Amino acid sequence: MAYAIVRAGGRQEKVSVGDIVTLDRVAGEPGTTIELPVVLFVDGDKVIADAKSLASAKVTAEKIEDLRGPKIVIQKYKNKTGYKKRQGFRAELTTVKITAVSA
């Protein structure tokens, strides 16, 4: 079973063919093909980690949908001064399905 570690929006994800992964927002319409940069490739006992060999490695994915993450509430408070600040955040995310992993 071959798998790869790919760089996806500031994080690294372990992916193999058929996986559905949630990444930071990727531009494009649902149904388009995306190519992800490979950091490490493993195929059985064979491990590829050097930059020259990884230049030919490819991971392609199909964009399924755009969505938003759960709301995170950021709240600041200072005692006895009357200072209160409240802020919300929702991450922009994309769901993709891995279609091919090759070295």
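Modeller: Let's start with Ile74, which sits in strand β8, residues 72–78. Keep in mind that this is a predicted model.

Biologist: Okay, and what makes Ile74 buried, partly exposed or exposed?

Modeller: Ile74 has a relative accessible area of 33%. Buried would need under 20%, and exposed would need over 50%. The value for Ile74 falls in between, so this residue is called partly exposed.

Biologist: Which residues make the nonpolar surface patch?

Modeller: Ile72, Ile74 and Phe89 make it, and the patch covers about 260 Å². A patch residue needs over 30% relative accessible area, and Ile74 with its 33% passes that cut-off.

Biologist: On to charges. Why is the contact between Arg11 and Glu13 called a salt bridge?

Modeller: The closest N and O atoms of Arg11 and Glu13 are 3.7 Å apart. The cut-off is within 4 Å, so the pair counts as a salt bridge.

Biologist: How do you know whether Glu13 is buried or partly exposed?

Modeller: Glu13 has a relative accessible area of 21%. Buried means under 20%, so Glu13 lands in the partly exposed class. Arg11 is partly exposed too, at 36%.

Biologist: What does Arg11 do with Asp24?

Modeller: Their side chains meet in a salt bridge, with 3.4 Å from N to O. Arg11 belongs to strand β2 (residues 11–15) and Asp24 to strand β3 (residues 20–24), so this pair ties together parts that are 13 residues apart in sequence. Asp24 is partly exposed, with 28% relative accessibility.

Biologist: And how do you know that Arg68 and Glu92 form a salt bridge?

Modeller: Again, check the distance: the closest N and O atoms of Arg68 and Glu92 are 3.2 Å apart. That is within 4 Å, so the pair qualifies. Since Arg68 is in strand β7 (residues 58–68) and Glu92 in strand β10 (residues 92–102), the bridge ties together parts 24 residues apart in sequence. Both are partly exposed: Arg68 has 43% and Glu92 has 35%.

Biologist: What joins Arg25, Lys63, Asp66, Arg68 and Glu92 into one network?

Modeller: Salt bridges that share partners link these five residues up.

Biologist: Last one: how many salt bridges does the rule give?

Modeller: The count comes to 6.

Methods
Residues numbered from 1 in each chain as written. Predicted model: local features only at pLDDT ≥ 70, side-chain atom pairs only at ≥ 80, totals over all residues. Heavy atoms only, no water. Patch = residues over 30% accessible without salt bridge, like charges linked within 9 Å, V, L, I, M, F, W, Y side chains within 5 Å. Areas by Shrake-Rupley, 256 points an atom, 1.4 Å probe, with all protein chains shown as cover. Helix = DSSP H or I, 4+ residues; strand = E, 2+ residues; numbered from the N terminus. Buried < 20%, exposed > 50% of the residue type's maximum accessible area, 1.4 Å probe, protein only.
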